[in-house]
Amino acid sequence: MWSEGTIRIPDAKDKGKNTVCHYWVKHYEEPSETYGINGGRISKLMIKVDGVITANYDRGWDVEPAEDDMPTRMAYCILLENYN
C-alpha cells in the first residue's frame, strides 16, 4: 500500500517557522527481513524538503537522512513509528 502526505516539523531556532517534509511510503502488512527498513514493513520511502530529496529508500538506501538534517530525521522517525 502507498501512503503520501506532509509532516510539519517546528524549527527549534525560529519558533514561528515550520519545515514541511513531503513523503511517499510503500508499506506492507507483513515485515520483510530482506527488503524492509530495519527488517520492517516499509520497502520504499522518499522524503522531500523544498523539492529536494533528502531521504530515499528503495529496498536499500539510495539517499540516507543526513545526520545534521533534523527535519528529515524527525520525519523519518515519525514514518518509522507509523508504518514500520
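Guide: Buried means under 20% relative accessible area, exposed means over 50%, and partly exposed falls in between (1.4 Å probe, protein chains only). This is a predicted model, so local features need pLDDT of at least 70 and side-chain atom pairs count only at pLDDT 80 or more, while totals for chains, interfaces and linings use all residues. Residues are numbered from 1 along each chain as its sequence is written, and side-chain values use heavy atoms, with hydrogens and water left out.

Visitor: Is Asp-68 buried or exposed?

Guide: Asp-68 sits in the loop between strand 5 and helix 1. Helices (H or I, at least four residues) and strands (E, at least two) are DSSP runs, numbered from the N terminus. The relative accessible area of Asp-68 is 68%, so Asp-68 is exposed.

Visitor: What distance separates the C-alpha atoms of Asp-68 and Ser-32?

Guide: Along the chain, Asp-68 and Ser-32 are 36 residues apart.

Visitor: How many residues does the largest nonpolar core have?

Guide: A nonpolar core is a set of buried Ala, Val, Leu, Ile, Met, Phe, Trp, Tyr and Cys residues joined through side-chain atoms within 4.5 Å. Tyr-23, Val-25, Ile-37, Ile-42, Leu-45, Ile-47 and Leu-79 have the most contacts inside the largest one. Its number of residues is 17.

Visitor: Which element gives the most to this core?

Guide: At least two residues each come from strand 1 (2-10), strand 2 (18-27), strand 3 (42-49), strand 4 (52-58) and helix 1 (70-83). With five residues, the element that gives the most to this core is helix 1.

Visitor: How far does helix 1 reach from its first C-alpha to its last?

Guide: Helix 1 has 14 residues. The expected span of a helix is 1.5 Å times one less than its number of residues. For helix 1 that expected span is 20 Å, and the reach in the model is close to it, at 20 Å.

Visitor: What arc do the buried residues of helix 1 cover around the axis?

Guide: Thr-72, Ala-75, Tyr-76, Leu-79, Leu-80 and Tyr-83 are buried. Their arc puts them on the same side of helix 1. The arc is that of the directions from the helix axis to the C-beta atoms. It spans only 140°.

Visitor: What covers the buried residues of helix 1?

Guide: Strands supply cover here. They include strand 1, strand 2, strand 3, strand 4 and strand 5 (61-63).

Visitor: What is phi of Asn-38 near?

Guide: Asn-38 is in the loop between strand 2 and strand 3. Its relative accessibility is 67%, so Asn-38 counts as exposed. Its phi is positive, in a residue other than glycine, and is near 55°.

Visitor: Where is Asp-50?

Guide: Phi of Asp-50 is near 55°, again a positive value in a residue other than glycine. At 75% relative accessibility, Asp-50 counts as exposed. Asp-50 lies in the loop between strand 3 and strand 4.

Visitor: How far apart in space are Asp-11 and Pro-71, C-alpha to C-alpha?

Guide: Asp-11 is in the loop between strand 1 and strand 2. It counts as partly exposed, at 22% relative accessibility. Asp-11 and Pro-71 are 60 residues apart in sequence, but their C-alpha to C-alpha distance is 8.1 Å.

Technical notes
Contact means heavy atoms within 4.5 Å.
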